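Reader: Please walk me through this structure. I want to know what the terms rest on.

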Amino acid sequence: MKMNESQKVKIKARNVTVHYGEARALHGIDLDLNANEVTALIGPSGCGKSTFLRCINRMNDVIDGCRVGGSVSIDEQNIYSDAVDVVELRARVGMVFQKPNPFPKSIYDNVAYGPRIHGMAPSRSELDHMVEVSLKRAGLWDEVKDRLSASGTSLSGGQQQRLCIARAIAVSPDIVLMDEPCSALDPIATAVIEELMEELRRDYTIVIVTHSMQQAARISQRTAYFHLGDLVEHGQTQAIFTNPENKQTEAYISGKIG
Amino acid sequence: MTDYSDPDFRAARLKKRYQAEKRFRAYGMAAIITAGLILVFLLSSIIYSSLPAFSHHHVRLDINISEDYVATDTPEEGNYLGLVRAALRDHFPQVTGRRDKRALYKILSIGASDAVEARVKNDPRLIGTQISLYVPLSDDIDLMLKGLIDRNLPESDRIVSDRDLAFVDKLAEENRIERKFAFALFTNGDSREPEMAGINGALAGSLWTLLVTLIVSFPLGVLAAIYLEEVAPKNRYTALIEVNINNLAAVPSIVYGLLGLAVFINFFHLPRSAPLVGGLVLALMTLPRIIIPTRAAFAAIPPSIREAALGVGASRTQVIMHHVLPLAMPGILTGTIIGLAQAAGETAPLLMIGMMAFIVDVPTEVTAKATVLPAQIYMWANNPERAFVARTSAGIVVLLTLLLVVNAAAIYFRRRFEKRW
């Protein structure tokens with residue numbers, strides 16, 4: 001694979017540890033994630049991949065008794081330093097969750113919420129524009145343009161998840177984190193979202209947690225395999241899937257464990 | 001050994017299971033029907049015994065508003081009672097003795113002059129003319145006319161004497177007696193005379209008290225619940241506070257009355273018998289009953305909504321104000337209104353601060369002397385006059401109606417704010 005500009009390191013994690021109370025969930029993770037790539041985090045349940053993902057936008061902060069050690073840098077700035085405001089950070093690092101979780105508000109308000117609270121749209125017409133662009137990018141515009149005032153929860157599961165993606169990208173983040181975004185969706189909706197990720201990769205850095213090996217293989221450029229709180233192996237997706245260095249990785253990928 | 005594949009055995013099992021399900025259903029139905037019948041019996045007996053209170057017998061008198069009794073320039077100082085009595089006397093020219101006259105006057109209510117007074121004050125030009133006006137009869141005569149006092153009993157066994165009966169019968173013969181709707185029940189304050197006693201004073205007292213309760217306990221309760229549920233760290237101190245709040249909800253209400261007496265009246269010297277103090281006491285009592293359901297409403301909001309808001313960069317306050325609070329609102333309102341409904345029916349804490357009192361005036365502010373509906377009902381129940389029996393039931397009907405309105409409001413607001421996801 002040729003080295004090009006797009007392989008600039010966006011997120012740099014160094015010796016990241018996470019404790020939930022006394023239990024240690026991550027044992028010192030070192031991982032670089034490249035800009036404009038999709039990085040898939042795979043591994044059996046409870047391996048710490050979601051925990052790691054939530055370190056990147058400090059969503060672990062809201063969990064009682066959760067402590068994060070080490071450093072995570074985005075564009076060379078440690079997001080765990082006191083100088084970083086967590087609210088601004090989360091505007092730069094969007095997140096899409098496992099279960100579609102639109103607000104019980106209208107489709108329009110769902111997408112407009114982020115720009116509104118960050119004061120990004122001074123006028124109604126600019127806000128309208130932002131909503132339209134975000135929905136178009138999420139591939140939802142044509143399906144909902146006539147019923148923007150309908151409730152976000154009235155959409156189908158796949159549409160809801162794309163609405164959540166539109167909501168996340170409406171605040172123009174650099175990075176989009178996705179925590180098993182397709183696990184609650186049928187294969188057709190999954191395919192739509194996977195196409196979308198390929199599309200979004202041009203503008204965003206995407207980190208995705210997935211339980212589906214095929215999905216990781218299809219959509220990601222890089223893959224990191226976690227096991228029991230350790231990063232076992234990471235590298236080019238092709239390399240990991242065709243020629244894993246580690247026995248554990250091979251066993252997991254080939255379906256022998258997990 | 002049982003053969004589970006035996007069709008007979010399985011058919012028997014199936015039959016048994018169906019029967020068990022049928023029985024279970026029947027028990028449930030029986031429970032509901034029993035509860036329903038008890039409720040119907042209770043309500044119908046209260047409503048039935050309250051019916052006499054909603055009407056009252058009046059007598060039509062031709063009243064000469066003579067200047068002997070009411071001066072043209074000072075109608076407010078007129079002797080209206082004398083006026084009414086004179087009019088009554090005119091119908092019974094044969095009554096001359098002092099005693100007989102006094103007996104005659106007694107068939108009228110003490111409040112009979114009020115109607116005339118109101119009429120004349122409203123239109124002073126009536127002075128010097130004759131008007132025909134319905135004035136209320138006394139409570140005993142009214143009961144007798146309603147058939148609640150048996151006139152066939154020997155005279156010694158009934159309140160209404162033969163002489164009174166003769167007076168009333170004569171008026172009835174002249175078609176002067178009519179049963180009318182008892183507006184006094186809804187417009188008057190309390191009175192020693194049953195036919196003049198109204199629920200308005202107690203109703204106003206209850207509403208003022210509840211207003212104070214709502215204003216104090218709703219913001220305090222909701223803010224306390226938000227802080228405990230959403231902001232406060234989960235540690236030993238918050239756990240202690242939580243346990244105490246749960247215990248406070250179970251404290252007997254009279255204890256709050258004692259506290260109110262000691263703190264609000266003896267220490268802060270707030271007025272006794274006032275809705276202000278009553279409202280504060282009931283607010284203390286209602287606080288845990290608002291905090292607990294409010295916290296439950298917050299806890300019931302799915303964490304995914306919070307995560308979604310945090311994920312797009314909402315601050316903690318924004319998450320609460322934009323998402324959690326609006327979604328929890330139906331639960332909060334339901335809890336608040338049920339807490340208020342409980343407070344509306346509370347008597348014990350108000351005993352201690354002097355709201356169980358005979359108060360004639362309808363309160364118009366929170367520092368005026370007042371009583372509340374349940375206290376009024378209790379006081380009427382204790383009065384010896386028979387006509388208060390119906391009044392007591394009527395008071396209960398009014399209290400139940402108030403609670404019904406409050407609960408209907410709860411349902412309305414819950415529907416209104418409810419959002420599905």
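Author: Start with axes: they are lines fitted to C-alpha atoms, for helices over the stretch in contact, with angles from 0 to 180 degrees between N-to-C directions. Helices (H or I, at least four residues) and strands (E, at least two) are DSSP runs, numbered from the N terminus. This is a predicted model: local features need pLDDT of at least 70, side-chain atom pairs count only at pLDDT 80 or more, and totals for chains, interfaces and linings use all residues. Residues are numbered from 1 along each chain as its sequence is written, while chains are lettered from A and ligands numbered from 1 in the order in which they are written.

Reader: What makes α8(B) oblique to α13(B)?

Author: The axes of α8 (residues 200-231) and α13 (residues 316-344) of chain B come within 10 Å and cross at roughly 140 degrees. Angles under 35 degrees count as roughly parallel, over 145 as roughly antiparallel, 65 to 115 as roughly perpendicular and the rest as oblique. Therefore α8(B) is oblique to α13(B).

Reader: Which residues of α8(B) and α13(B) meet?

Author: Among them are Leu210(B) and Phe218(B) in α8(B), and Ile332(B) and Leu340(B) in α13(B). Contact needs C-beta atoms, placed from the backbone, within 7 Å.

Reader: Why are β2 and β5 of chain A said to stand at the edges?

Author: The open sheet of four strands has the order β2-β1-β4-β5 (chain A), with antiparallel pairing. Strands pair if DSSP finds at least two bridges between them. β2 (23-34) and β5 (77-78) of chain A each have a single partner strand, so one side of each lacks a neighbour in the sheet.

Reader: How many bridges join β1(A) to β4(A)?

Author: Eight. Val18(A) has Val68(A) as its bridge partner in β4(A).

Key
Contact = placed C-beta atoms within 7 Å.
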